[in-house]
Amino acid sequence: MPGSTHTRWLAIAPGRVNLIGEHTDYNGLPVFPIAIDRDIRIEFTVADDPVVRLDSPVARFDPFAFQLKRPVEAARQGHWSNYVRAAARGLLEHGVELRRGIEGTVTGDVPIASGLSSSSALVVASALALLKANGATLPRLELAALMARAERFVGLEGGGMDQAACLHGVAGHALRIDFEPLRVTPVAVPEGWRWVVASSLVRAEKSGDAREAYNERARQCREALAGVAGRSTHGLPAYRDLMAVDDLDGLLRRARRALSPVLFRRFRHVVTEGRREAQAEVAMRDGDVRRFGHLMVQSHESLRDDYEVSTVELDAIVEVALDAGAAGARLTGAGFGGCAVALCDDTTVGPVIEALLARYYEPRLGAPPSGGVVFAVEPSPGARVEEA
Ligand code: GLA
């Protein structure tokens, strides 16, 4: 049943932290994120006309309204309403009838433009709110795939990890996400493993400069794949097909002969990261914190040297965290700024946060940060709608 126009609802959608498997999703290889205990919330009532009206307590996010009819008009590039419009457009193009709109306020505590998927959380929260308002449902996997495509209207050729993690989060679990077709397998995070997220203080805007650099990487990966595999009558094979046929060393030898140095490094990151993701999942199932941490460090090095998406700030955070006793640390999300994630235990989580405050934030900010830049996160449940 559509929600009555008097009931107040709350659509809650968590951000995510990717533990390992970075820049693999759009290459059809698995990722291994957690949904986190920070979310985007839309508190809304159901409107009796097909119009979305939302505001935010944050001044730079100005109120907006748009009609739920095809084609959904886009706002200027970079405007926050485009994530809500993308959700509406995705649902409408999928054939979901949206006769009723929503009216409400967006809040949240996922840091914005930090590589923690605040934007996908807004897309997913919007979709769930619109579905609720219209008494419609979609299977979660279908909705995750649909919202991944929908968010591409905003410009990033994203791979689908963020929306799937947001919709499929499970408390206490990491999520192995496979693509083509989309599947999600929760893996219990061992007792005592703690995750610290640290912002580099450099924004990585999905709709801004980072978008070009990201989309360029996606193009290079397709070119590298074509260069190594060659096109057959069956079309282009996938990365996972190449990895299934050749051992990694053989595959890398072939790639080195076939590709330019830059494309070779992009290719090497993708296939070694694919292998690291699989190994990390085994390490988690075995409760082997050292091994998992070591794989995170290798992932960071590969993202820094071969994929060239790290920054000196992210490198510095990783170094401080490791130095202070983290088992592993790496940039998380697309890179080009944003956050790093460190794997700690109950005894190292405090010292790692202290060390980052003293050695990373205070020298840069001249004072202790105001909060929201370095914090521990818990693997958390996925997006949902509740009565407010
Ligand atoms: C962004 C994209 C994801 C993924 C990561 C890199 O967050 O939205 O789909 O590609 O970058 O792993």
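Mentor: In this predicted model, Arg265 forms a salt bridge with Glu308, and the closest N and O atoms of the two are 3.0 Å apart. The pair links distant parts of the chain: Arg265 belongs to helix 8, which covers residues 261–286, while Glu308 sits in the loop between helix 9 (289–305) and helix 10 (312–323), and 43 residues separate them. Arg265 counts as partly exposed because its relative accessibility is 23%, and a residue needs to be under 20% to be called buried. Glu308 is partly exposed as well, with a relative accessible area of 35%.

Arg268 forms a salt bridge with Asp306, with the closest N and O atoms 2.7 Å apart. Here again distant parts of the chain are linked, since Arg268 is in helix 8 and Asp306 in the loop between helix 9 and helix 10, 38 residues apart. Arg268 has a relative accessible area of 26%, so this residue is partly exposed. Asp306 has a relative accessible area of 9% and is therefore buried. Salt bridges that share partners also join Arg176, Asp178, Glu281 and Arg285 into one network.

The general idea behind such pairs is simple. Side chains of opposite charge can pair when their charged atoms come close. The structure holds 21 salt bridges. One of them is between the side chains of Arg217 and Glu216, at 3.2 Å from N to O. Arg217 is buried, at a relative accessible area of 6%, whereas Glu216 counts as partly exposed, at 34% relative accessibility.

Take Arg16, which has its place in strand 1. Arg16 is buried, with a relative accessible area of 4%. Its side chain makes a polar contact of 2.8 Å with the side chain of Asp162, and a polar contact of 3.2 Å joins the side chains of Arg16 and Ser117. Leaving aside neighbours within four places in sequence, Arg16 is in contact with residues including Pro33, Ile34, Gly115, Met161, Ala165 and Gly333.

Asp162 leads on to the ligand. A polar side-chain atom of Asp162 lies 2.6 Å from an oxygen atom of the ligand. For Asp25, a polar side-chain atom also lies 2.6 Å from an oxygen atom of the ligand. With His23 the backbone takes part: one of its polar backbone atoms is 2.7 Å from a ligand oxygen. Taken alone, the ligand exposes 300 Å², and the protein buries 97% of that. There are 15 residues around the ligand, and Glu22, His23, Asp25, Asp162 and Tyr214 come nearest. The shell divides into five nonpolar, five polar and five charged residues.

Back in strand 1, which spans residues 9–20, we find Ile20. Ile20 is buried, with a relative accessible area of 0%. Not counting residues up to four places away in sequence, Ile20 touches Val31, Phe32, Glu273, Arg276 and Arg330, among others. By contrast, the C-alpha atoms of Ile20 and Leu365 are separated by 29 Å, and the two residues are 345 residues apart along the chain.

Key
Residues are numbered from 1 along each chain as its sequence is written. This is a predicted model: local features need pLDDT of at least 70, side-chain atom pairs count only at pLDDT 80 or more; totals for chains, interfaces and linings use all residues. Side-chain values use heavy atoms; hydrogens and water are left out. Helices (H or I, at least four residues) and strands (E, at least two) are DSSP runs, numbered from the N terminus. Buried means under 20% relative accessible area, exposed over 50%, partly exposed in between (1.4 Å probe, protein chains only). Contact means heavy atoms within 4.5 Å. A residue is near a molecule or strand if one of its heavy atoms lies within 4 Å of it. A polar contact is a pair of N or O atoms within 3.5 Å; within protein, one must be able to donate a hydrogen and the other to accept it, and residues adjacent in sequence count only if both atoms are side-chain atoms. Accessible areas come from the Shrake-Rupley method with a 1.4 Å probe; for residues, only the protein chains shown count as cover. Ala, Val, Leu, Ile, Met, Phe, Trp, Tyr, Cys and Pro count as nonpolar, Asp, Glu, Lys and Arg as charged, and the others, Gly among them, as polar. A salt bridge is a side-chain nitrogen of Lys or Arg within 4 Å of a carboxyl oxygen of Asp or Glu.
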